[in-house]
Amino acid sequence: MKLVTAIIKPFKLDDVKTAVEALDVHGMTVSEASGFGRQRGHTEVYRGAEYTVELVPKVRIEIVIDDDRAGDVIDAIVGAAQTGKIGDGKVWAVPVDSVVRVRTGETGAEAL
Amino acid sequence: MDSGVTAWLLTSAALVFLMIPGLAFFYGGMNRSKSVLNMLMMVVGALFIVGILWAIYGYSMAYGSTAGYFVGSFTDYFGLEAALAPPAEGDAFPVMVDVVFQAMFACLTVGLIAGALADRMKFGAWIIFAAVWASLVYFPVAHWVWGGGWIGQLNIGGAEVIDFAGGTAVHINAGAAALAVCIILGKRLGWPKTPMRPHNLTMVMLGAGLLWFGWFGFNAGSAYAADNTAAIAATNTLLATCAAGLAWLIVEKIRDGKATSLGAASGIVAGLVAITPACANVTPLGAILLGLIAGAICAWAVTLKYKLGFDDSFDVVGIHMVGGLVGTLALGFLASDLAAEGGQNGLLYGGSFNLFLVQLIAAVGVMIYSFILAGIIALVLKATTGIRMDEFDEVNGIVLAEHAETAYELGDSGSGGAFAGVGHSARAKEVE
């Protein structure tokens, strides 16, 4: 199994969710995140005083998925989240040792 | 007794009262979230202590019979017992109406100062400051302007000071005190390098809206009548404020590239401050011109603190002192007897230079007196009780240190803990 993590622009969440659901993925975890990559924030002005806001708001999506479907999920996320502008985000996958469904105690692929 | 006038003044008192929570929210939204409750508490704390002092001797000092030029009799209305009697024949309203209406002005004026002192002043020291400054500065200055003191008596070649609702007694007074105290208190740790962005701009706009609403009572109520003068004051309170908000946004658009909501809220308050002394003595077009000038000048004045290096956190100086000066001095040019029948004219309406001169003397007199007295009070407190929070408590958040609370409980994580009982400080001690 793989844990696919995606950092995307917040307004792209709905598009990504729709694209991933079309692949028959049963669940995802979404959290608010902030950080910077090449985008390096923006400027805000309060009563003439300029602040550089370096940490940009993003959404983090996490999906645990079978090894053979991880590639499709990553492609779907990238396809849906892309605007071509700086700050579109990153997607990566890491191996997962074990998964347990809390309600039933099922493990491995059964738990997804 | 005139029940119409009495009803309007009681209504105005309630309107002015609403400015106090309005002010607290206007300032509080500009705080960082870790210190917002402290700002609300500073404004409310000033209200508590000044309200009580007003009843004990404040009203008497401000409106008692004048002993010379400086302060009213301490005993005329001591404890307000002399204000309990029904109005004398021929009086439009009971004395107690004046007491409660003007009580709101006193409480608000002291609260204004808090905006310069965000995040870093010991709460106890602030309450003592509020009590002493009200006693030594606000009550006498209110007497100078409205109670028969030297500003009210000033007369140069027939020109007399115009301060309809408190440009000198309220705004220049509070602004000058704020400047003195914020210099003595020192800058917030990290200011101006560390970003200290307003944590809730909707709260700022809500506060500005409440201030504007209440200000109709502040200005139109100051007519002490439900008449033409009150209506002119109310209209000008609308117009000057619209103009100042617009002017502030134009300055921002040109200078910073964007018109901001904080700029709009700030322009609103700048316009309200500037029209306060002038609301019954300028024409509607004069009010618009005054608002435009005040909005533009204050939008520039709030950047001065970065050049001069004093941490007037939410621009009490840049908006209240400067706005008060603009309104008070502009009367020397814009006052018109078209608005105030039988009133004085400024230079633009064929009046003499003397009006500007008396306005200048009143403004500078209040400014210097308040600045010096506030500075002395703050220095004495600094040497005795201390006025500044510990470094750790300031960085960690003054709300937790001074009030043992958290302003916002958002979400489920981090909200756990244990109930530690009622009526003692076991929990607080444990945390220490």
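Colleague: How many residues of chain B are in contact with the seven residues of chain A?
Modeller: Keep in mind that this is a predicted model. The side of chain B that touches chain A divides into five nonpolar, four polar and five charged residues. Facing seven residues of chain A, the number of chain B residues in contact is 14.

Colleague: Which element gives the largest share of the side of chain B that touches chain A?
Modeller: The element in question spans residues 261-275 of chain B, and its 15 residues reach 21 Å from the first C-alpha to the last, close to the 21 Å expected. It contributes three residues to the side that touches chain A, which is the largest share, and its name is α9(B).

Colleague: Is α9(B) mostly covered or mostly uncovered?
Modeller: A residue counts as buried if 20 or more other C-beta atoms lie within 10 Å of its own. By that rule 13 of the 15 residues of α9(B) are buried, and the helix is therefore mostly covered.

Colleague: How are α1(A) and α2(A) oriented to each other?
Modeller: The axes of α1(A), residues 13-21, and α2(A), residues 67-81, come within 8 Å and cross at roughly 150 degrees. Angles over 145 degrees count as roughly antiparallel. The two helices, α1(A) and α2(A), are therefore roughly antiparallel.

Colleague: Which residues of α1(A) meet α2(A)?
Modeller: On the α2(A) side the partners are Val73, Ala76, Ile77, Gly79, Ala80 and Ala81 of chain A. By class, this contact has eight nonpolar, one polar and one charged residues. From α1(A), the residues are A:Asp15, A:Val16, A:Ala19 and A:Val20.

How values were computed. Residues are numbered from 1 along each chain as its sequence is written. Chains are lettered from A and ligands numbered from 1 in the order in which they are written. This is a predicted model: local features need pLDDT of at least 70, side-chain atom pairs count only at pLDDT 80 or more; totals for chains, interfaces and linings use all residues. Axes are lines fitted to C-alpha atoms, for helices over the stretch in contact, and angles run from 0 to 180 degrees between N-to-C directions. Helices (H or I, at least four residues) and strands (E, at least two) are DSSP runs, numbered from the N terminus. Angles under 35 degrees count as roughly parallel, over 145 as roughly antiparallel, 65 to 115 as roughly perpendicular and the rest as oblique. Two residues are in contact if their C-beta atoms, placed from the backbone, lie within 7 Å. Ala, Val, Leu, Ile, Met, Phe, Trp, Tyr, Cys and Pro count as nonpolar, Asp, Glu, Lys and Arg as charged, and the others, Gly among them, as polar. The expected span of a helix is 1.5 Å times one less than its number of residues. A residue is buried if 20 or more other C-beta atoms lie within 10 Å of its own, exposed if 12 or fewer, and partly exposed in between; C-beta atoms are placed from the backbone.
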